[in-house]
Amino acid sequence: MVEHSYEIHSTFEDALEAEDRRFHSERFRRRRWGPFWNFMYFRSGLYAEQVEKYLEHFPRERLFVTTLPQLIAQPFEVVNEICTFLQLAPLDLKVFPRDGTSKGVKSTKLAVLDQRLLKPLEYRRMPGAEASRASINRWNRTPRPAMLPQTHADLMRRFKPDLLRLRELVDVDRLNGKTSEPS
């Protein structure tokens with residue numbers, strides 16, 4: 001969100017702190033840059049309620065569930081389980097593409113300038129816009145910032161009730177072959 005100039009807060013912690021105010025702000029809903037739910041960093045991760053709504057309308061057998069750890073550990077197998085579930089032919093993947101290339105930025109204001117001014121100028125083939133964007137983006141990129149350990153711990157505490165409910169709904173213990181509580 002920072003890299004593509006949607007988020008004005010330079011740290012995840014600041015953006016997370018702004019979520020409640022944003023959620024209740026009609027002005028923010030009308031004037032934001034980008035999809036509203038992209039700014040709901042905590043709320044958009046609450047899956048149990050979303051799965052419950054789905055299960056009100058469709059039988060459990062119509063829902064395929066896997067986990068990110070499963071996908072990372074066995075990407076080819078999981079993709080082909082999905083294909084089987086969808087009644088599609090298995091995919092003969094030679095490599096499993098991963099694109100975790102998001103980066104941080106030195107200046108959110110410069111990222112905004114790039115996305116809202118330079119990118120449209122480049123699209124319109126304005127002379128020098130492409131080279132300017134490339135130069136500015138090279139200078140403005142930093143490694144993706146890491147979440148603070150305390151933020152991670154706080155989020156895991158906040159997500160725990162939803163994770164427990166989700167575990168009940170989708171029987172994730174059966175999928176993973178374990179019965180431990182989410183940490």
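Start with the aromatic rings: this predicted model holds nine aromatic pairs.

**Stop 1: Phe12 and Tyr41.** Select both rings. They form an edge-to-face pair, 5.7 Å centre to centre, with 75° between the planes. Now colour by accessibility. Phe12 is partly exposed at 30%. Tyr41 is at 19% relative accessibility, so it counts as buried, the cut-off being under 20%.

**Stop 2: Phe42 and Phe159.** Select this pair next. The rings are tilted, with 35° between the planes and 4.6 Å from centre to centre. Phe42 belongs to the loop between H2 and H3 and Phe159 to helix H8, so the pair ties together parts 117 residues apart in sequence. Phe42 is buried, at 10% relative accessibility. Phe159 is buried as well, at 14%.

Arg158 lies over the face of Phe42, 3.8 Å from the ring centre.

**Stop 3: the ring cluster.** Select Phe23, Phe28, Phe36, Trp37 and Phe39. Ring pairs link these residues into a cluster.

**Stop 4: Glu19.** Go to helix H1, residues 12-23, and pick Glu19. Is this residue buried or exposed? Glu19 has 2% relative accessibility and counts as buried. Which residues does Glu19 touch, leaving aside those up to four places away in sequence? Show Phe39, Met40, Tyr41, Phe42 and Arg43.

**Stop 5: H1 against H8.** Show H1 together with helix H8, residues 149-170. The helices pack at an angle of about 35°, and their axes are 11 Å apart. The crossing is left-handed. For the contact itself, select Phe12, Glu13 and Leu16 in H1, then Thr151, Leu155 and Arg158 in H8. These contact residues divide into three nonpolar, one polar and two charged. Arg158 is the residue over the face of Phe42.

**Stop 6: two positive phi values.** Finish in the loops. Gln87 lies between helix H5 (75-85) and strand S1 (104-105). Gln87 is not a glycine, yet its phi is positive, about 60°. Its relative accessible area is 74%, so Gln87 is exposed. Move on to Arg125, in the loop between helix H6 (108-123) and helix H7 (129-140). Phi of Arg125 is also positive, near 60°. Arg125 is exposed, with a relative accessible area of 74%.

Definitions and conventions: Residues are numbered from 1 along each chain as its sequence is written. This is a predicted model: local features need pLDDT of at least 70, side-chain atom pairs count only at pLDDT 80 or more; totals for chains, interfaces and linings use all residues. Side-chain values use heavy atoms; hydrogens and water are left out. Helices (H or I, at least four residues) and strands (E, at least two) are DSSP runs, numbered from the N terminus. Buried means under 20% relative accessible area, exposed over 50%, partly exposed in between (1.4 Å probe, protein chains only). Contact means heavy atoms within 4.5 Å. Axes are lines fitted to C-alpha atoms, for helices over the stretch in contact, and angles run from 0 to 180 degrees between N-to-C directions. A crossing is left-handed if the near helix is turned anticlockwise from the far one by less than a right angle, and right-handed if clockwise. Ala, Val, Leu, Ile, Met, Phe, Trp, Tyr, Cys and Pro count as nonpolar, Asp, Glu, Lys and Arg as charged, and the others, Gly among them, as polar. Rings of Phe, Tyr and Trp (its six-membered ring) pair if their centres lie within 6.5 Å; planes under 30 degrees apart count as stacked, over 60 as edge-to-face and the rest as tilted. A charge sits over a ring if NZ of Lys or CZ of Arg is within 6 Å of the ring centre and within 35 degrees of the ring normal.
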